[in-house]
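Here is a short note on the charged side-chain pairs in this structure. Please read it with the model open.

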Amino acid sequence: MAQHENTKRTIKPDTRHGPKRRTPHGTTLRRLLRREAPSTVGLLADEQDFEAMRRYRTFPFDDHTAYLHQVETLLKSLTAQGIHTTVALFDPEEYAEFCAESGLDADTGACRSRFTAEIAAAGATVTYTGQRLTDLIPLLVSRAVRQATWEYATLLLADLGACADCGQDIGRAAFDRASHLLTRLLETAGPGTHHLVCSTPTENDQLLAVLNTHRDATGPAHLDASEGAEFASVLAVAIALETPGGVVLRTSTPDTPDRVHGWRLAYGALAPLTAGEVFNAYCTDADTGEPVSPESGVEYCAGFDIGADPAEPHR
């Protein structure tokens, strides 16, 4: 009897494009998507703001310390899940205005969540990386103050209109002038780590801007673009309004005492202060006018000529 060939064959998987991937379960997919969805937490940083929120029936907390503990626990939980989390400053007054303008019921968790998303998109935030709230809150408040200062300065500049002589936008011209002065100041300051402060009074407030930069022995100064714009905006307000603005520069270099220089703003230019004027400005309490002990390891020096181009007056 003839023997027939066995036609049964083993089918091998096609591995030309790698092993076949299993489709995750729906719950797993949602969990993976959740990890890629950023989260924002609105924080009531101080006791006064916390007390203002307690008037809402749906606000579940009655103790600020316990509230901060719960917020910190939440932040740690979100981070442990691999979720990118930022913290925004929650302002009860702005929240009430937001709800009133939007026609929303302020006494709901949904509205608080919506407001938090709004301020995160347009306001100052800090990325949570596991730091303690005692370290995060001062940084968050500082960023919020910086942003408010920049927005107020920008609004002042935008409302100035055009020059009666040349027709140029006064705010834009003042900002360009401030940028030129800042560039010349950083170029002539030399190498080192530089801490600059610009202050000027306005009708409603004292504007203050801080800028930190570093410059190597060769090359330009390295600075944060947003900090540079904020600094230039405050300086521009002093230029445009012809207010008694001032700039202080503190430079740190290895193995040498810190050096402090100062200038006053006059007719769109930075006029150097004397060493005595710098000492008096640095060693006087701004609120009380009382003398303050000078820092050890700090030299109080006269301002120097930054070599800026002459200013063009605008009315």
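The points below cover the salt bridges of this predicted model.

1. Start with the total. The count comes to nine salt bridges.

2. Glu230 pairs with Arg146. Their closest N and O atoms are 2.8 Å apart. This pair links distant parts of the chain: Glu230 belongs to helix 8 (residues 225-241) and Arg146 to helix 6 (residues 133-158), with the two 84 residues apart. Glu230 is buried, because its relative accessible area is 13% and the cut-off for buried is under 20%. Arg146 is partly exposed, at 27% relative accessibility.

3. Arg146, Glu227 and Glu230 are linked in a network of salt bridges.

4. Now helix 7 (residues 170-189), which holds both Arg172 and Asp176. Their side chains meet in a salt bridge, 3.4 Å from N to O. The two residues are four apart, about one turn of the helix. Arg172 is partly exposed at 46% relative accessibility. Asp176 is also partly exposed, at 39%.

5. Helix 7 also holds Arg184 and Glu187. Here the salt bridge spans 2.4 Å, N to O. Why can these side chains be set about one helical turn apart? Because Arg184 and Glu187 are three residues apart in helix 7. Arg184 has a relative accessible area of 21% and counts as partly exposed. Glu187 is partly exposed too, at 42%.

Technical notes
Residues numbered from 1 in each chain as written. Predicted model: local features only at pLDDT ≥ 70, side-chain atom pairs only at ≥ 80, totals over all residues. Heavy atoms only, no water. Salt bridge = Lys/Arg side-chain N within 4 Å of Asp/Glu carboxyl O. Buried < 20%, exposed > 50% of the residue type's maximum accessible area, 1.4 Å probe, protein only.
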